[in-house]
Amino acid sequence: SVFRSLTLMLSISERIARELNVQLRQVDAAVALLDDKATVPFIARYRKEATGGLDDVQLRTLEERLGYLRELEARRTAILES
């Protein structure tokens, strides 16, 4: 379907931004903080300015989707390489 093709072309950050109905810059900032080992409670409390005010529920969902989509991408890559 067209939607499926579209979601395959979107980056992980773009997919999460669309799913959470937030701006891409908010997702990118949160991903960078998570990749730097910041915790969701820390980001929600002390990095609101960086994430554009994402709350702990949005951040937790973002963290879960990020892990899932990265794992999915890694499996897809491994399958294509084999």
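Lys37 lies in the loop between helix 3 and helix 4. In this predicted model, the phi of Lys37 is near 75°, a positive value in a residue other than glycine. Lys37 is exposed, with a relative accessible area of 71%. A positive phi also occurs at Asn21, which is not a glycine either; Asn21 sits in the loop between helix 2 and helix 3. Asn21 counts as exposed because its relative accessibility is 72%, where exposed means over 50%.

| Residue | Phi | Relative accessible area | Loop |
|---|---|---|---|
| Asn21 | about 60° | 72% | between helix 2 and helix 3 |

Helix 2 and helix 3 pack with their axes 9 Å apart and at an angle of about 120°, so helix 2 is oblique to helix 3. The crossing of helix 2 past helix 3 is right-handed. On the helix 2 side, Ser13, Glu14, Ile16 and Ala17 take part, meeting Leu24, Val27, Asp28 and Val31 of helix 3. By type, the residues of this contact are five nonpolar, two charged and one polar.

The largest nonpolar core holds 18 residues, and those with the most contacts inside it include Ile16, Val27 and Leu62. Two or more residues each come from helix 2 (12-20), helix 3 (24-35), helix 4 (40-46) and helix 6 (56-81). Helix 3 contributes the most, with five residues. Leaving aside residues up to four places away in sequence, Leu62 touches Ile16, Leu20, Val27, Ala30, Val31, Leu34 and Leu54.

Definitions and conventions: Residues are numbered from 1 along each chain as its sequence is written. This is a predicted model: local features need pLDDT of at least 70, side-chain atom pairs count only at pLDDT 80 or more; totals for chains, interfaces and linings use all residues. Side-chain values use heavy atoms; hydrogens and water are left out. A nonpolar core is a set of buried Ala, Val, Leu, Ile, Met, Phe, Trp, Tyr and Cys residues joined through side-chain atoms within 4.5 Å. Buried means under 20% relative accessible area, exposed over 50%, partly exposed in between (1.4 Å probe, protein chains only). Helices (H or I, at least four residues) and strands (E, at least two) are DSSP runs, numbered from the N terminus. Contact means heavy atoms within 4.5 Å. Axes are lines fitted to C-alpha atoms, for helices over the stretch in contact, and angles run from 0 to 180 degrees between N-to-C directions. Angles under 35 degrees count as roughly parallel, over 145 as roughly antiparallel, 65 to 115 as roughly perpendicular and the rest as oblique. A crossing is left-handed if the near helix is turned anticlockwise from the far one by less than a right angle, and right-handed if clockwise. Ala, Val, Leu, Ile, Met, Phe, Trp, Tyr, Cys and Pro count as nonpolar, Asp, Glu, Lys and Arg as charged, and the others, Gly among them, as polar.
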